[in-house]
Amino acid sequence: MALYEHVFLTRQDAAPTQVDALTEQYKALIAGNGGKVTKTEYWGLKSLTFRVKKNRKAHYTLFNIDAPAAAVQEMERQMSISEDVIRFMTVKVEAHEDGPSAQMRRREDRDRRDDRGEGNEESN
């Protein structure tokens, strides 16, 4: 089986429970087609650089997938039909990263700086 990194964006007005439900739906779809999702990360509601289908923000979710190509193609087909998913991208990789993704590490670093008061003009 091949390894993939897959990111999908969900409408800004979708509730976090709807995003969780979509995540579980697509994980079950991959499992039903002989693959598995090895890691899931919810990156949160983020601003988009430009409007996508009239949305200024979107919920970002990352999957690390170990599955046959047919399973990923079926998931992408269903995402393209879904009104809740506004964009998605799948990249075939040689190996998955261990630990959190770069996006999550950046958030942790930012949180750590905020806890120490660094980068905060008011604390100077």
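Mentor: What follows takes the salt bridges one by one in this predicted model.

Trainee: How many salt bridges does the structure hold?

Mentor: Five.

Trainee: What makes Arg11 and Asp13 a salt bridge?

Mentor: Their side chains meet at 2.5 Å, N to O. The cut-off is within 4 Å, so the pair qualifies.

Trainee: Why is Asp13 called exposed?

Mentor: Its relative accessible area is 55%.

Trainee: Why does the pair Lys27 and Glu24 count as a salt bridge?

Mentor: The closest N and O atoms are 3.8 Å apart. That is within 4 Å, so the pair counts. Both residues lie in helix H1, residues 16-32, three residues apart, about one turn of the helix.

Trainee: Why is Lys27 called partly exposed?

Mentor: Lys27 has a relative accessible area of 26%. Buried needs under 20% and exposed over 50%, so Lys27 falls in between. Glu24, at 46%, is partly exposed too.

Trainee: What makes Glu74 and Arg77 a salt bridge?

Mentor: Their closest N and O atoms are 2.9 Å apart. The limit is 4 Å, therefore the label holds. Both lie in helix H2, residues 69-81, three residues apart.

Trainee: Why is Glu74 not called buried?

Mentor: Its relative accessible area is 22%. Buried means under 20%, so Glu74 is partly exposed. Arg77 is partly exposed as well, at 43%.

Trainee: Which residues do salt bridges with shared partners join into one network?

Mentor: Arg11, Asp13 and Asp84.

Conventions
Residues are numbered from 1 along each chain as its sequence is written. This is a predicted model: local features need pLDDT of at least 70, side-chain atom pairs count only at pLDDT 80 or more; totals for chains, interfaces and linings use all residues. Side-chain values use heavy atoms; hydrogens and water are left out. Buried means under 20% relative accessible area, exposed over 50%, partly exposed in between (1.4 Å probe, protein chains only). Helices (H or I, at least four residues) and strands (E, at least two) are DSSP runs, numbered from the N terminus.
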